[in-house]
Amino acid sequence: MNVVRVAIAGFGGVGRATANLLLARHERYRQVYGADIRLVAICGSRAGLADPEGLDAGRLEALEPGLTGPAFVEASDAGILIEAGPSDFRTGGPGLAYIRSSLSAGRDTIVISKGALVHSGPELRALAHSSGAMLKLSGAAAATLPALDLLEHSLKGCEVLEIEGILNATTNYLLDAMMNQNLGFDEALARAQAGGFAEADPRNDTEGWDTACKLLILANFGLNAGLTMDGLAVDGIQSVTEQRIAAWREQRLVPKLVGSLVLTGGVMRATVGIRTYPPDDPLAHVSGKNKAVRITTDAMGETIAFGSGTEPLATAAAALKDLEHILTARAVQATYRSGTRP
């Protein structure tokens, strides 16, 4: 049985959900991949826990102060890092240091937080290439949506002409509540915060920055676009008034906060802002906390995907989808190294 040691850096809601789901799937990994997956280290910003034989679910709350940082992960001898910390696209921190260290050491790395990927994406891709480490990021690219999978696999060989993505659940819920429940922005936001799916400081969501981060990740990692945040026009929903809501209702239009990539004459233009759709457009039916993406290509026309997973479980599952891709790739590599052809 092949022993695979995993560390998780960032132990908030998403990190804990990822740890619990990883442990719950232990037998699946043994049966499907012949892999004994051991969670050997977890850490937050101030505390952590490590055991080379593997942690179990009953020990995840007993973190020890001071056990944290890239050196702590390095000392755990983990072969795979799952980075699930808070995200700041303006600095890349705190995840950037963990990801740099991990990729430099040749450690396969699964990234959930968006900040480092937006801030230092080209550097991290170069590190992975030079060290031979696999860099996976499904959890950072709208999690429940297989948008990155579509670009990397299903639509390979096509030229992508346009991407439209409803990529942020909070803003979609707020617009839906304002349109269909006659709520003002402040009341809708208060309900979302009370329900636990809007942040105490919601500006990254409501001002469009979270959507912009996800759009950049799709463009740069899915299409090799090389865009930066400075090249995006970003607008949010914080200035939506009752008058605009009334006008959309009268015109029978449905507003959505959309991240958009359009390729024209070899130039890619990226924007975030409100788009309105007629009732017969599929994107008009993406309600509540759901997400969706529509990708238009030259050869396959339109491909649409919808996502409706419950957080943080859905993001954890996206990260562990990446883990299974890594296990599959490792098995293929081992087969070829042994001289056996499938």
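Two strands count as paired if DSSP finds at least two bridges between them; helices (H or I, at least four residues) and strands (E, at least two) are DSSP runs numbered from the N terminus. The model is predicted, so local features need pLDDT of at least 70 and side-chain atom pairs count only at pLDDT 80 or more, while totals for chains, interfaces and linings use all residues. Residues are numbered from 1 along each chain as its sequence is written, and side-chain values use heavy atoms, with hydrogens and water left out.

**The seven-stranded sheet**

Move to the open sheet of seven strands, whose order is β4-β3-β2-β1-β5-β6-β7 and whose pairing is mixed. At the edges stand β4 (64–65) and β7, each with a single partner strand, so one side of each has no neighbour in the sheet. For a view inside the order, select β1 (residues 2–9) and β5 (residues 80–83), which run parallel and are joined by four bridges. A9 stands opposite E83 in β5.

**The second largest pocket**

A pocket is defined on a 1 Å grid over the protein atoms alone, as an open set of points where a 1.4 Å probe fits, with protein on both sides within 12 Å along at least five of seven lines; lining residues have an atom within 4 Å of a point. Select L148, E152, K156, F221 and G222: of the 21 residues lining the second largest pocket, these lie nearest its centre. Two or more lining residues come from each of β7 (135–136), α6 (147–154), α10 (209–222) and α12 (313–337). The most come from α6, which gives five residues. The space in this pocket is about 470 Å³, where volume is the space filled by probe spheres set on grid points joined across faces, edges and corners.

The disulfide count is zero, a disulfide being a pair of cysteine sulfur atoms within 2.5 Å.
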